[in-house]
Amino acid sequence: MTYPKYTQQALSRYTVPRLKRIAAERGVTPTGDKRAADTWVNAIITHQSTQLQKVDNQALAQAELDNYIADQAQAVAPEPLTIVEISFDHHEYYADDKLVATISHDDNHLTQRWVVMVNDKELFRANTLMRCDRFICTHYKDGSLPVQDKEAALPTTENQIMAHIFNECQNYGFEILGDGIYNNNGVKLGQVGCTNGNWWVKRRCSGQQQYSNSVLDAVRSLSIVDTSLAEPVHKYLQDRPLEQLTTEELQQLFNHEVRSQLQELVAA
C-alpha cells in the first residue's frame, strides 16, 4: 500500500495522537519517550527515508537485470553477418566493419574444395559453399569462432572495391581481367577503380581517367561504349545530345566532321 509522504515541518504541526495513528498505519514503533511528539516525528521520517531507499535499490536492481537480459540476448542472437563476394571463389564475412572469416575455393582438392579460413588458417572444409556458410554463422552465433587478428579485422578496402566492380560488371555480362574490363566478345572496354573514395572510369576510346558519381555510373559508361562498338563511333556520337558528351567524345565528333568536309572539298 502506498502512503502519503510527510515532511518534518508538516508532522510537527500534528498532535501526538495523530502522529501515533500515522505511525501505526505504517507499522512504525519508535524508541524513546513516546510522550514526546518529536519521538514520533523522527520515527516516521526515518521510516519514510528507509522506504525510499528500498525503492531506489529495487529500481537499480531492475535496471541491472534489464541490461543483463539485453546483453544475453545480443550474445545469443548477434547481428547478421555481411557477406562480400569478391569473386566466385572468394567470399568475406563481416560483423559491422570487422572481418570475421573468409571462404575460398581449393581447386587442388578432389571433393571438399570450399574452405573456411580465419587468420590465414583452415578451420573447416566442405563440398559446398552453403555448408561453409552455415559453419561460419553457427560458430559466430555461439561465440566459438576464433577472433581475427587486429590487423586482419580491419576492412579490406581494396577487396570491397573489387567486389562492387565485380557485381556491377555481372549485370552487364562483363568480365574483369588483369588489365581491364572486357565484354563477352573479348573486346576490352576500359577500366574502373576508386581512389581516395572517388570512383573513376577509363574508357578504351579515350584512355583518360574520368571521375564518376558511383561504381554503377562508371560501369554503365563502359556499357555505352560497348553498344557503340557495333557501329562507327561517330554515328553513335551523332545520335547523342552534345551536353551528354565528354571532352574526348566531342573531339572525336569534331575530327570526324573536319575529315568529312575535307573529303568533300577534295572530291569537288
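Is Phe124 buried, partly exposed or exposed, and what is its relative accessible area? I began my notebook with that one, keeping in mind that this is a predicted model.

**Entry 1: Phe124 and its partner**
I found Phe124 partly exposed, with a relative accessible area of 25%. I then searched the whole structure for aromatic pairs and got two. In one of them, the ring centres of Phe124 and Phe135 are 4.5 Å apart and the planes meet at 5°, so I noted the pair as stacked. I looked up where the two residues sit: Phe124 belongs to strand β5 (residues 121–126) and Phe135 to helix α4 (residues 129–141), eleven residues apart. Phe135 has 16% relative accessibility and counts as buried, because the cut-off for buried is under 20%.

**Entry 2: Tyr172 and Phe174**
Tyr172 and Phe174 form a stacked pair too, with 5.6 Å from centre to centre and 20° between the planes. Here I read Tyr172 as partly exposed at 33% relative accessible area, while Phe174 is buried at 9%.

**Entry 3: a charge over a ring**
I also checked Tyr14, and the charged end of Arg18 sits over its ring, 4.4 Å from the centre.

Next I followed the strand pairing. Strand β7 (residues 180–182) runs antiparallel to strand β8 (residues 188–195), and two bridges join them. I picked out Ile181, whose bridge partner in β8 is Gly190. Five residues lie between the strands of this hairpin, and Gly186 takes a positive phi near 80° there. On to β9 (residues 198–203): six bridges join this strand to β8, again antiparallel. I jotted down Val192, which stands opposite Val201 in β9.

Methods
Residues numbered from 1 in each chain as written. Predicted model: local features only at pLDDT ≥ 70, side-chain atom pairs only at ≥ 80, totals over all residues. Heavy atoms only, no water. Phe/Tyr/Trp six-rings, centres within 6.5 Å; stacked < 30°, edge-to-face > 60°. Helix = DSSP H or I, 4+ residues; strand = E, 2+ residues; numbered from the N terminus. Buried < 20%, exposed > 50% of the residue type's maximum accessible area, 1.4 Å probe, protein only. Lys NZ or Arg CZ within 6 Å of the ring centre and 35° of its normal. Pairing = 2+ DSSP bridges.
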